[in-house]
Amino acid sequence: MIILKTSRELSLMKEAGRISQEALLRAGELVKPGITTYEIDEFIRKFIIKSGATPSFLGYCDFPASACISVNDVVIHGIPSKKQILKEGDIVSIDVGAYYEGFHGDNAWTFPCGKVSDEAMKLMDATRESLFLAIEKAVVGNRLGDIGSTVQQYVEARNYSVVRDFVGHGVGANLHEDPSVPNYGTSGRGVRLAAGMTLAIEPMVNAGSCKVRVLDDGWTTKTVDGKLSAHFEHTIAITNNGPVILTKA
Ligand code: MG
């Protein structure tokens, strides 16, 4: 069941989103050679708590950290670790959620660590661009397939692939709500978009094959071919005045 939000609920979600985005952007500034993903996660946890919110991911299905930090061929759900030291040329996807006054904000961004290859930069640029193009399609009267097909067409035209096994989602009082928001699909198909829907749109784009596998830790999700993957996400609201990005600083 898709839960539509009232304007009062949307204003609380805006605050949850603002905290999520600030945590993400500040964490991004820490992405430098020599820092551990554990240290970045510690910063995020403290920042969210200091902001009067709770990290959405900490303890969610027993996830052990406040952020997912996924490096290079890790697509999503990387577990921060004291052993993982970032190095020049890595691409680092940070996924952060904050829970505030009963609502979640959820967002992700892939940051370059120092100077990265042109190939890595192009992948990140294409993934970010596909997110913003998809957000433009999140308007009343369009369908869910318009969002997914926009991501898919944009990235496949650049010879990248879209992850199928994980998708975006509705978000609100629960971190994951209906509907599922795939990054692939057919325009004009699927659920009709309505004012009050709040969606986490999150393209996960691989440089090689779309195939991914989950490691034995039950979380870490890698590309099967070992090639790079990028991930960008915003929580947005569909309104009668067009899409509104809620994860905004
Ligand atoms: Mg999400």
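Figure 1. In sequence, the donor residues of the magnesium ion follow the pattern D-x62-H-x32-E-x30-E. One pair among them links distant parts of the chain: His169 sits in strand 7, and Glu202 in the loop between strand 9 and strand 10 (204-206), 33 residues apart. The model is predicted. The protein donors are Asp106 (OD), His169 (NE2), Glu202 (OE) and Glu233 (OE). They lie 2.2 to 2.4 Å from the ion. His169 is buried, and Glu202 is buried too.

**Figure 2. The whole chain, for orientation.** The protein has 4 helices and 15 strands. Its radius of gyration is 17 Å, close to the 18 Å that the globule rule gives for 249 residues, so the protein is as compact as a globular protein of that length. The C-alpha trace spans about 45 × 45 × 30 Å along its principal axes. Buried residues make up 53% of the 249 residues. Of the contacts with a separation of 6 or more, 70% come from residues 24 or more positions apart.

**Figure 3. Hairpin of strand 4 and strand 5.** Strand 4 (residues 91-100) pairs with strand 5 in the antiparallel sense, over 10 bridges. Within this pairing, Val96 stands opposite Asn107 of strand 5. The hairpin has 2 residues between the strands, and Glu101 takes a positive phi near 50° there. Strand 5 covers residues 103-112. Of its 10 residues, 9 are buried, so strand 5 is largely enclosed by the rest of the structure.

Figure 4. His104 belongs to strand 5. Its relative accessible area is 9%. Buried means under 20%, so His104 counts as buried. The His104 side chain makes a polar contact with the side chain of Ser56, at 2.7 Å. Leaving aside residues up to four places away in sequence, His104 touches Met13, Ala16, Ser56, Ala98, Tyr99, Val171, Gly172, Ala173, Asn174 and Leu175.

Figure 5. Gly170 has Leu199 of strand 9 as its bridge partner. Strands of a sheet pair through backbone hydrogen bonds.

Figure 6. Ile3 lies in the segment before helix 1. At 35% relative accessibility, Ile3 counts as partly exposed. Ile3 touches Glu177 and Gly196, not counting residues up to four places away in sequence. In sequence, Ile3 and Gly170 are 167 residues apart. In space, their C-alpha atoms are 8.4 Å apart.

**Figure 7. Cis peptide bond at Pro179.** The peptide bond from Asp178 to Pro179 is cis. Its omega is near -5°.

**Figure 8. Positive phi in two loops.** Asn72 occupies the loop between strand 2 (67-71) and strand 3 (74-76). Asn72 is not a glycine, yet its phi is positive, at about 60°. With 16% relative accessibility, Asn72 counts as buried. His77 is placed in the loop between strand 3 and strand 4. His77 has a positive phi of about 60° although it is not a glycine.

Terms used:
Residues numbered from 1 in each chain as written. Predicted model: local features only at pLDDT ≥ 70, side-chain atom pairs only at ≥ 80, totals over all residues. Heavy atoms only, no water. Buried < 20%, exposed > 50% of the residue type's maximum accessible area, 1.4 Å probe, protein only. Pairing = 2+ DSSP bridges. Donors = N, O, S within 2.8 Å, 3.2 Å for Na, K, Ca; no water. Polar contact = N/O pair within 3.5 Å; in protein donor to acceptor, adjacent residues only side chain to side chain. Contact = heavy atoms within 4.5 Å. Rg over C-alpha atoms; globule rule 2.2 N^0.38 Å.
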